[in-house]
Amino acid sequence: MTAISGLLADVLLGLGVLLMGIAAIGVVRLPDMLCRAHAVGKALTLGISLMLLGAMLRYGPAQQPKFLLAILFQFLTIPVAGHLVSLVAYRKRFPRWRPPSRQR
Amino acid sequence: MSFYHLLAFPLLAAIGCGLWRALRGPTILDRMLGLDLIVVCSVGVALLLGLEWGTAVLVDWVLAITLLGFLSTVALTIYLMKSEDRQG
């Protein structure tokens, strides 16, 4: 039982780190501010939540409510921050990327 | 070198990517997204550090860093919304 939960914790930590690396690649490579906000808002939230879940499996039941609160905070704050940044970019008409087929 | 050390290297690379975007970003919102990436990746590094040391103290740091990053983003957003100039 404990070996299986330890293995599951390691797998969850690895998946979380992988998703955060994907988010970093998206922040560097994507052409537009809105696309970068998309990369941060989805991949980063899921990655850090998976990492927190894996650490929660490692620590045991005594620390469990704190980890659940941390996961709830991640799911509340990161998408809201990404949405606010995208809203500013939309309202203030920041420069947007167009696909090359639709450029004039 | 344990498993947590190996997991920390991609997170440090992600912090480097966020720093590059924060230094180079064309607009101020790109810089803000880079700093957001740095904050979340530092949360992940703190988590791995707590697992390596075997303490549970760093979970409180995770909560504090998350809320600080969110408050800074909201403050900059409100400031940009109230300013009149059109970027771009």
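This is a predicted model: local features need pLDDT of at least 70, side-chain atom pairs count only at pLDDT 80 or more; totals for chains, interfaces and linings use all residues.

Residues are numbered from 1 along each chain as its sequence is written, while chains are lettered from A and ligands numbered from 1 in the order in which they are written.

**Exercise 1. Describe the fold and outline of chain A.**

Step 1: Start with the secondary structure. Helices (H or I, at least four residues) and strands (E, at least two) are DSSP runs, numbered from the N terminus. Chain A has 3 helices and 0 strands, in the order α-α-α from the N terminus.

Step 2: Check the dimensions. The C-alpha atoms of chain A fill a box of roughly 60 × 25 × 15 Å along the principal axes. The radius of gyration is taken over C-alpha atoms, and the globule rule is 2.2 Å times the number of residues to the power 0.38. For 104 residues a compact globule would come out near 13 Å, but chain A has 18 Å.

Step 3: Look at burial. A residue is buried if 20 or more other C-beta atoms lie within 10 Å of its own, exposed if 12 or fewer, and partly exposed in between, with C-beta atoms placed from the backbone. In chain A, 40% of the 104 residues are buried.

Step 4: Look at the contacts. Two residues are in contact if their C-beta atoms, placed from the backbone, lie within 7 Å. Of the chain A contacts with a separation of 6 or more, 69% join residues 24 or more positions apart.

**Exercise 2. Work out what chain B brings to its contact with chain A.**

Step 1: Count. The contact involves 39 residues of chain B and 39 residues of chain A.

Step 2: α1, α2 and α3 of chain B each give two or more residues, and α2(B) gives the most, with 13 residues.

Step 3: Sort by class. Ala, Val, Leu, Ile, Met, Phe, Trp, Tyr, Cys and Pro count as nonpolar, Asp, Glu, Lys and Arg as charged, and the others, Gly among them, as polar. The chain B side has 26 nonpolar, 9 polar and 4 charged residues.

**Exercise 3. How do α2(A) and α3(A) run against α2(B)?**

Step 1: Set the rules. Axes are lines fitted to C-alpha atoms, for helices over the stretch in contact, and angles run from 0 to 180 degrees between N-to-C directions. Angles under 35 degrees count as roughly parallel, over 145 as roughly antiparallel, 65 to 115 as roughly perpendicular and the rest as oblique.

Step 2: Take α2(A). Its axis and that of α2(B) come within 10 Å and cross at roughly 10°, so the two helices are roughly parallel. Residues making this contact include Leu44(A) and Leu52(A) on α2(A), and Leu37(B) and Val40(B) on α2(B). The classes are 15 nonpolar, 1 polar and 4 charged.

Step 3: Take α3(A). The axes of α3(A) and α2(B) come within 11 Å and cross at roughly 170°, so this pair is roughly antiparallel. Ile78(A), Ala81(A), Val85(A), Val88(A) and Ala89(A) meet Leu29(B), Met32(B), Leu33(B), Asp36(B) and Val40(B).

**Exercise 4. Buried or exposed: Met56(A) and Arg93(A)?**

Step 1: Met56(A) lies in α2 of chain A. Met56(A) is buried, because 21 other C-beta atoms lie within 10 Å. Beyond four places in sequence, Met56(A) touches Gln64(A) and Phe67(A).

Step 2: Arg93(A) sits in the segment after α3 of chain A. Arg93(A) is exposed, with 10 other C-beta atoms within 10 Å. Arg93(A) also has a positive phi of about 55°, although it is not a glycine.
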